[in-house]
There are 2 protein chains.
Amino acid sequence: MKVENAAGRIIETTIGDKTYKPYAGVIKNRIGSKLTDLTDALKKCNLKDGDTISFHHQLRNGDHVLNMTLAAARDLGIRNIRLAQTAMFNVHKPVIEHIKAGVVNRIEGSINGVVGDYISRNPLPYPVVLRSHGGRWAAVKTDELHINVAVIAASSSDNKGNCTGVIGKSAFGPIVYSQIDALKADKIIVVTDDVVEYPCNYQEITEGYVDHVVGVDNIGDTEHIVSGTTKITEDPMKQGIAHNCIGLMDAAGIIKNGMTFQSGAGGISLAVTKYLGEILEEKNITASFAIGGITKYLIDIYENGRIEKLYFGQCFDSESATYLSEKPGVPILNVGHYADPLARGRAVDNLDVVVLGATEVDTSFNVNVNTHSDGRMLHGIGGHQDTAAKASLTIITAPVFRKTNPIVRKKVTTITTPGDVVDAIVTNEGIAINPRRKDLMEKVKEKINIVSIEELKNMAYDATGGPQELEFEDKIVGITKWIDGTVLDVIKKVKGLY
Amino acid sequence: MKVENAAGRIIETTIGDKTYKPYAGVIKNRIGSKLTDLTDALKKCNLKDGDTISFHHQLRNGDHVLNMTLAAARDLGIRNIRLAQTAMFNVHKPVIEHIKAGVVNRIEGSINGVVGDYISRNPLPYPVVLRSHGGRWAAVKTDELHINVAVIAASSSDNKGNCTGVIGKSAFGPIVYSQIDALKADKIIVVTDDVVEYPCNYQEITEGYVDHVVGVDNIGDTEHIVSGTTKITEDPMKQGIAHNCIGLMDAAGIIKNGMTFQSGAGGISLAVTKYLGEILEEKNITASFAIGGITKYLIDIYENGRIEKLYFGQCFDSESATYLSEKPGVPILNVGHYADPLARGRAVDNLDVVVLGATEVDTSFNVNVNTHSDGRMLHGIGGHQDTAAKASLTIITAPVFRKTNPIVRKKVTTITTPGDVVDAIVTNEGIAINPRRKDLMEKVKEKINIVSIEELKNMAYDATGGPQELEFEDKIVGITKWIDGTVLDVIKKVKGLY
């Protein structure tokens, strides 16, 4: 068919097997400033009962944004919100009141501390869903976890929503968790305490995704956003575990030119990083790169020329956040790039070794980081599964026991990371290699002392009298999911815990 | 139902109204090197008859990648390929042979030069679809233009596919057209002549999207990838048009602190940029930012402190490509951010003024940049529509006539950008304001001379005897689409053109 379009041209609406719409005219219009207040932004996003709101946790224990958003939602009379934060800390204690008041009734996301303790005693009507960083990315990507409103904290944003965590008074390092929320959520709100002139320098999130920009006095308490300093352990027992890790890596032939590694910001991990830097000096060799959250200890090694490239996302201390903002060309690793299990490759695929912690390990090499031995759900998964699943050598560090509690045990209270992907457990009483890794066993047995995991368990039980046996109710507190979305374990309510 | 999962835990497969899959166990595996040759990569992508292959055009007239890909596809016996390049130049002349041989039978993407000339004489079985940069981004995003295999040229890539156009011997500036192809295409191949150690510095495309990495000797001819220098016009008539543009901007009150502008890399546009830099100095004021393809003229103004921020994607000369690689924090504007009509805002929304060229303009203020007055389809749309649609002041520059050809005429041969969004036509014989813009007319009429578009047309017709009247066949060569996907115009085959 031929029609005249709004530009006065005669056009065909069908050509071959294709149909075409005629030009209908246009009125010039452009998106202006998106600045508003939080309440107005939530209203304009049409937030309603039962909706899912997401947050990133990069303001850590200094975060004000989650609390101010829930308070605004409560004041709007919204009920039964599902929270989809990437993690939650003690600063988020007000969530407990929102649960009691019916403002929040479901949580899919990591929970650290007081809120976890509360839910362990008072389960929500739906289980808390715990996922790794990469697992959450994939769940949002596939819409298994559909987000209605993503609220993204930024330390600088222009009035169109180009925003960053790299600069501004509340800088916390690049925003690396929220790109998938920005891509998939129905509506996006950026909350910042530093509205800058368009265009914002650094832009981890860009204006094309953003519906509203909210300016507030403070997105967080700068003292608690990033640690001023992260501290290496001074406990000789833990230092011993760190030295054992280095010994295992060396025996396994991993400490060589071009090696790649991740270790975190915990006391033992930082010690491993420091000792690794020393041994790189000693052997006069260079690591290729380190990933994961960055700290000044990593930067020191880089500055000494012992790491060829910086390659990271999260910043764990203020020094590293500032450092990044001054380097051209350093690629920022968002969580999808770091660990999306559905992608065609991830940064974690390149890890020679990762050193991870544990609250418990068991004789099947399963690891628990989510619950304490009393059954309370107090921690998230973080990148534990993501890195363990892919590193050539996955090392778990743990003391054999803590006070009267056996850490190495027959059965962990909750499985966070399955023994299928754990290669070695390094303790203060020796190193156990997963029997699945006969190759590794062969390689290291002449060089370092290996103990069996049962021996370590027996030491733990001998010293402590064995684990406290928990009784559970049927009520489910939470579930742990593997990176592929399947259920690893169910966290049930402990009998008598109120 | 309760089942035992592969970690030995009893889990519920139904909780409330939700169903859960049990953990099924895992074998550690990781994505290794993706390096292969082009033929193998195309085979592994399962390229088949009728598939769509996409390319970016940032290697411009130096590009080898499109040609080598089509040669490899031909040698594999593939037929009826649809090309979805972002633009095509004279270097792509071999496409003509592929059309004759049945390797290529459809094209959706800009065509400059010899291939356009050939198709104008020998239309394909399906019309060439011409879209703007932003329009193409949206068409790929919505799957209106579904890509089977995206072949992305990169001047550096690691063996996992983290890649860039910023560094390496064939650097051409950041890859800004291909992000949407990477997100939406079934398969992604990166082709590079500089395989670097993992991880690549600068990463406009990341490994999670990439299936294969192909190392070749040369992705292009560096002499023609970016112009060594872009040249300001030395033609006094064109310099006059540039001065008239500045006069109009000044009269319209646009030249003030914080102004934003785009002008391209053509001779008149570069002159406008240069003169604007001079007037900013003279008035002692500062522009906020300039967008669009960057040139050394823009960098000069920036270095002189007369543009506050660099904000761009494409680099039009080698100087600007190098410059960018040395600046931390300069956000790279991909084409989606620049102009995606479906996004929640674009960089072009912020333009106070854009200066654009034309092969013809008409008395309805329609603009043609696609066809010559003899009806041959020789150019793409580029960002013409994208910027015209959003800038507060859209200026089209053109001489009133060229030799015996009236440029200002009753009716353009092809509508590229509709008069609905064109505010002023600036010629060597005066400035015409779109009657739709009464506000602009009021503002400038006391300060500068305004002529009517009919007067300009009459001058053109008087000087040339009027336009050559073309006769058309029914056969359709191509169509021009507006940024919203509707059809602006149909390009028909000129009678007698073989």
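B:Cys315 is buried, with a relative accessible area of 2%, where buried means under 20% relative accessible area, exposed over 50% and partly exposed in between, for a 1.4 Å probe and protein chains only. The closest cysteine sulfur to that of B:Cys315 is in B:Cys163, and the distance of 16 Å is too far for a bond. B:Cys163 also counts as buried, at 0% relative accessibility, and B:Cys163 is in no disulfide, the nearest cysteine sulfur being that of B:Cys200, 7.1 Å away. A disulfide is taken here as a pair of cysteine sulfur atoms within 2.5 Å, and by this rule the count over all chains comes to zero.

This is a predicted model, in which local features need pLDDT of at least 70 and side-chain atom pairs count only at pLDDT 80 or more, while totals for chains, interfaces and linings use all residues. Residues are numbered from 1 along each chain as its sequence is written, chains are lettered from A and ligands numbered from 1 in the order in which they are written, and side-chain values use heavy atoms, with hydrogens and water left out.

**Sheets of chain B**

Helices (H or I, at least four residues) and strands (E, at least two) are DSSP runs, numbered from the N terminus, and two strands pair if DSSP finds at least two bridges between them. In chain B, seven strands form an open sheet with parallel pairing, in the order β5-β14-β13-β10-β6-β7-β8. Its edge strands are β5 (35-36) and β8 (104-107) of chain B, each of which pairs on one side only. Within this sheet, B:Thr52 has B:Arg82 of β7(B) as its bridge partner.

A further open sheet of chain B has three strands in the order β20-β19-β24, and its pairing is mixed. Here β20 (367-368) and β24 (408-409) of chain B are the edge strands, each pairing on one side only. The bridge partner of B:Asp362 in β24(B) is B:Arg409.

Strands β25(B) and β26(B) are joined by a hairpin through two residues, and B:Ala424 stands opposite B:Ile433 in β26(B). From strand β26 (residues 430-433) of chain B, B:Gly430 and B:Ala432 point one way and B:Ile431 and B:Ile433 the other way, and all are buried.

| Strand pair | Sense | Bridges |
|---|---|---|
| β6 (residues 52-55) and β7 (residues 81-85) of chain B | parallel | four |
| β19 (residues 360-362) of chain B and β24(B) | parallel | two |
| β25 (residues 424-427) of chain B and β26(B) | antiparallel | four |

**Helices and domains of chain A**

Helix α15 (residues 453-464) of chain A has 12 residues and reaches 17 Å from its first C-alpha to its last, close to the 16 Å expected at 1.5 Å a residue, the expected span being 1.5 Å times one less than the number of residues. The buried residues in α15(A) are A:Ile453, A:Leu456, A:Lys457, A:Ala460 and A:Thr464. They cover an arc of only 100 degrees around the axis, which puts them on the same side of α15(A); the arc is that of the directions from the helix axis to the C-beta atoms. Among the elements against which these buried residues pack are β25 (424-427) and β26 (430-433) of chain A, a contact being heavy atoms within 4.5 Å. Just after α15(A), A:Gly465 takes a positive phi of about 80 degrees.

In helix α10 (residues 296-303) of chain A, the buried residues are A:Lys296, A:Tyr297, A:Leu298, A:Ile299 and A:Ile301. They pack against β15 (260-263), α9 (267-283), β16 (287-291), β17 (307-310) and α11 (318-324) of chain A.

The domain assignment of chain A, with bounds from an automatic or database assignment, gives domain 1 (1-30), domain 2 (35-108 + 145-224) and domain 3 (236-471). The centres of domain 1 and domain 3 of chain A, taken over C-alpha atoms, are separated by 61 Å.

**Two buried residues of chain A**

A:His384 lies in helix α13 (residues 384-388) of chain A and is buried, with a relative accessible area of 6%. Not counting residues up to four places away in sequence, A:His384 touches A:Leu356, A:Gly357, A:Val367, A:Val369, A:Ile396 and A:Thr417.

A:Thr371 is found in the loop between β20 (367-368) and α13 of chain A, and A:Thr371 is buried at a relative accessible area of 0%. With residues up to four places away in sequence left out, its contacts include A:Thr359, A:Arg376 and A:Ile491.
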